[in-house]
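Trainee: I would like to go through the labels used for this structure and check each against its cut-off.

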Amino acid sequence: MSNPFVRIVEPLDPKQPLKKFFNLSKLEDVRYARLPFSIRVLLEAAIRNCDEFLVKKEDVENILNWKVVQHKNIEVPFKPARVILQDFTGVPTVVDFAAMRDAVKKLGGDPEKINPICPADLVIDHSIQVDFNRRSDSLQKNQDLEFERNKERFEFLKWGSQAFKNMRIIPPGSGIIHQVNLEYLARVVMDQDGYYYPDSVVGTDSHTTMIDGLGVLGWGVGGIEAEAVMLGQPISMVLPEVVGYKLLGNPQPLVTSTDIVLTITKHLRQVGVVGKFVEFFGPGVAQLSIADRATIANMCPEYGATAAYFPVDDISIGYLIQTGRDKEKVTSTKQYLEAVGMLRDFKNSSQDPDFTQVVELDLDTVVPCCSGPKRPQDKVAVSDMKKDFETCLGAKQGFKGFQIAPERHNSIVKFNFEGCDFELAHGSVVIAAITSCTNTSNPSVMLGAGLLAKKAVEAGLTVKPYIKTSLSPGSGVVTYYLRESGVMNYLSQLGFDVVGYGCMTCIGNSGPLPESVVEAITQGDLVAVGMLSGNRNFEGRVHPNTRANYLASPPLVIAYAIAGTVWIDFEKEPLGINDSGRKIFLKDIWPTRNEIQAVERQFVIPGMFKEVYQKIETVNKSWNALDAPSDKLYPWNPKSTYIKSPPFFDGLTLDLQTPKTIEDAYVLLNFGDSVTTDHISPAGNIARNSPAARYLTSRGLTPREFNSYGSRRGNDAVMARGTFANIRLVNKFLNKQGPQTIHFPSGETLDVFDAAERYKQAGHPLIVLAGKEYGAGSSRDWAAKGPLLLGVKAVLAESYERIHRSNLVGMGVIPLQYLPGENADTLGLTGWERYTIVIPEILKPQMNVQVKLDTGKTFHAIMRFDTDVELTYFHNGGILNYMIRKMAS
C-alpha cells in the first residue's frame, strides 16, 4: 500500500495469531481518536480499497478532517464487506441479474461477468402469510400454502443460487433476515483475504440497520444499488454528519426496549437526521443489551437516519458467545478491535468522539407507549391512549385524524362469529400480532409477553375469538426458549400460536379477516384497529380494513388483545372480569424486569443458537425437493405471471445518449407530505378492482391466486399496474382517497396506470409533485422502477428519504428538490400546469436547473444528483445500464 496513513501490522501474538490488518489507530495524528466510531469503519473500508479508489493523500485527509469538510460534499467510496437480501427485493434482483446476463451477451460480452463479487446472503422471509391462526397446525398449513403460492418464485431463486457464485439462499421457514443476520450471519470482524477488517453490510431492506446494534456498520439500499455493489461497484456517498445520541440513566421497571425506541423515533424525527449517521454513546448504553440496541437500530428508517450505530463493547463480545459463535474467532475479534482502538467503553467519557451535534435522552424519563395511528413517529403514552384515540376520531383527516362526526363516535355494530354474538365499535382491536424483527429478536420483550400471557391465563382472562391473533418469530431460537421456559402454552391459550417464521403482519401479509368482521367494519364505517409489535403502521399497509394501526411492545399487544379495544385507560379500567367476577387490571399481570431477566438468564443459552443454525440451510424439505433449471442463462417462460424478463434493457447500446430537456410534461399525481414507498408501490393485497387484478384475470388467474404485490415483484407487468395502487393514496387532484388521478387531456378520472398509459401512447412525459419526506419507508426498488415504467421522468419534492432518492437515481428518474423556503404553495403550483425541465449540457452535482411552466412562470429547483458517480449513472440511463456497458466492454 502506498498510502502514507496506513501501516500494515503483522500478527501480534504467536499464541493467538492475528492476520495482517490496517493499523489506523496508530496514525501519528490525534484526529483519528476524535472520529466517531462509525466514521472509522467508513475510513477503514475506504483505505481497504485504496489501490482502486483512494489514490490521493487528500482523500484520507478529508475523512480525518471530517468535521471541517463534511459540508463540502466530499465523496467517500464505501465498499461493504457483505450484501444481504430478502425475497421480496431478492427476486427482482435476481431477475435483473438474469436480464443483465442476456443484455451483456447481446452486446458481445461474457454474460458470466454478471456475478456477485462480494458474499451475498438471501433470506426468504417475506412470502408467508397469516392465512391460518388460532390452531395448533397453523404453522404447517401456512408454510404449505406459502409453497403452493410461491413455488415458481422459489424455483427461480434456487436457480439463482446455482447459477451465481457467492450467493447463498436461506430457505423459507428459517426466520427474518435481520434477526438471522444478528444471530448467525454477522461476523463483526471479517477474517479473510489475508487480513482482518471490520464487518460491514448493505441490504435490500431498509431495516438492515438492525445490525448496527451489534457494531456492524450497515444500512438499507435499494435493490438497484445493491446489485451494483454485488458486482463490485462501491457506494459513492457524501461524507455524512454524525449526530451523537447520548443515553443517560436507567429505564424504569415497567419500560421495555420498544418504549425506548418509540421515544427515540419521535425525538430524532423532531431533531431531523435524514441523510445523517446517528451514533449512540454515554453510560446509558451500557444498560442496554444487544437485543435492546438492535431494536433501537432496527427502527433507524423510521427516524430517517442512514445508520444508527452502537460501537462494539464487551457486551457485544458477550453476545457473540451467547449466540454460539466460535470461541477462537470471538477471541481474535476482541483482540483485533483492541489493537485498532475500536473496542468501546461507554462508561469512559474520554473515549467520546467529536460529533456534529449531540442530543440526550435520560432513560429514566421513558414511559410505556405506543405509536400511531398512522405513523411510527407519532408516539402516544399508554396512559394517554384513550384520550388520544378519541381526539383522532374527530380530528380532520390526516396523520392524526379520521374525521368521524361526533354523533357517530359511539357507533356499535352487532355481528355473529362462529355462532356467538359480539359487538364492534370505533377502536375495536381486530388484529393483534406479535411480529417483526424489531421485537421478536429481543428475548426480554418476548419472554415478557410470555410471562404476561401466563399470568393472564391464570387470572382467568381470554381474548375474544374474532380477533386475529398471531405470533411470527424472527427465528427458531425464539420458539425454542419460549417452549423451554414454559410460557408457549399460555401464549397459545390466548390465541398467539406460532403461525410462521417471517415478516407476515408487519409487511401486510396479515391474511384475511373473518367475513362477518369485515362486514361489521364496513357497515358501521368503523375505525378498526390493528395492534402489532412491528416497525411500520403506514396507511393501507397492515390490512385494508384496519384504518388505525398502532406499534407496541409484545406484552402490550397481548394486553390490548385481551381488552379488545384501544379506547381504554389501563390505570383506571380493568382488562377484563374473570369468571369469579374479579376485575383484573394490567398492573396485576405485568411481569417485573427481575422476573424477565431471571428467565432469560436460565433459558436463552448458546446451545439453542447452535442447534437451530447448524441445520438452517437444509431443514426445509420442500425447499430441498425443488427442481431448478441448471442453465447459466435463465430460460424465461412467457406464460409466467411471476417471473418475466424486464424491459429496462430493451434497445440498450454501448453508446451513451445525451440527456434531453423534459418538455411539456403533465403532472401524473400531486402529493402532500410523507408519501411512503408503500403508497408508491404497495406490498400487500391486490385489490380485485385494480389494473393488476384485471391483468392477472386476463392471464387466467382467480382472485385466490393473485397472491400479493410483494410476491409479484419479478413481473414488471404486474408491478407497473401496481404502482400508486395503494387504497389510501391521497392525490390533491381528487377529493377522496384512492389510487386514481385525472387524465387532463380528457378530463376523466382514471386508475393511475390507465391514465399513465394514455399519456404514454400520446407521447407525453410525466412528472410527480410531492411535499416533504417523499419516499419514506421501505427500500423497495419498485417504488422507482414502477414510476419509470409509467413514463415518469422526474419527481419534484420538498425533501426525499435517502434510499428512495438513491433508487430514483439508479433508475434514471430525476429527483428535483425545491429551493430552500420554497414549495408548491409558495410558488403557486396547482399541478394542472405543464412543466419543461431544462437539462444543461454540462451537469454538476446538486446544480440548480430551470423549470418553465406553460403559464409563463419560471422557477429553479435543485437537481439531486449528489455526486459525480450519480451523474455518471444518469448519463447512462441508470446504474444497471452503466454496469452492463462496463461488463460488456
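Mentor: Start with the two domains whose C-alpha centres lie 33 Å apart, domain 1 and domain 3. The domain bounds come from an automatic or database domain assignment, which gives domain 1 as 176–364 and domain 3 as 662–681 + 723–888. The contact takes 22 residues from domain 1 and 24 residues from domain 3, contact meaning heavy atoms within 4.5 Å. This is a predicted model, in which local features need pLDDT of at least 70 and side-chain atom pairs count only at pLDDT 80 or more, while totals for chains, interfaces and linings use all residues. Residues are numbered from 1 along each chain as its sequence is written, and side-chain values use heavy atoms, with hydrogens and water left out.

Trainee: What makes arginine 269 and glutamate 773 a salt bridge?

Mentor: The rule asks for a side-chain nitrogen of Lys or Arg within 4 Å of a carboxyl oxygen of Asp or Glu. The closest N and O atoms of arginine 269 and glutamate 773 are 3.3 Å apart, so the pair meets the rule. Across the interface of domain 1 and domain 3 the rule finds 2 salt bridges.

Trainee: Why is arginine 269 called buried?

Mentor: Buried means under 20% relative accessible area, exposed over 50%, and partly exposed in between (1.4 Å probe, protein chains only). Arginine 269 has 17%, so it is buried.

Trainee: What makes arginine 704 and glutamate 148 a link between separate parts of the chain?

Mentor: Their side chains meet in a salt bridge at 3.6 Å, N to O. Arginine 704 lies in the loop between α25 and α26 and glutamate 148 in helix α5, so the pair ties together parts 556 residues apart in sequence. Helices here are DSSP runs (H or I, at least four residues), numbered from the N terminus.

Trainee: How do you know that glutamate 757 and lysine 760 are both partly exposed?

Mentor: Glutamate 757 is at 24% relative accessibility, so it counts as partly exposed. Lysine 760 has 42% and therefore gets that label too. Both lie in helix α27, 3 residues apart, about one turn of the helix.

Key:
Helices (H or I, at least four residues) and strands (E, at least two) are DSSP runs, numbered from the N terminus.
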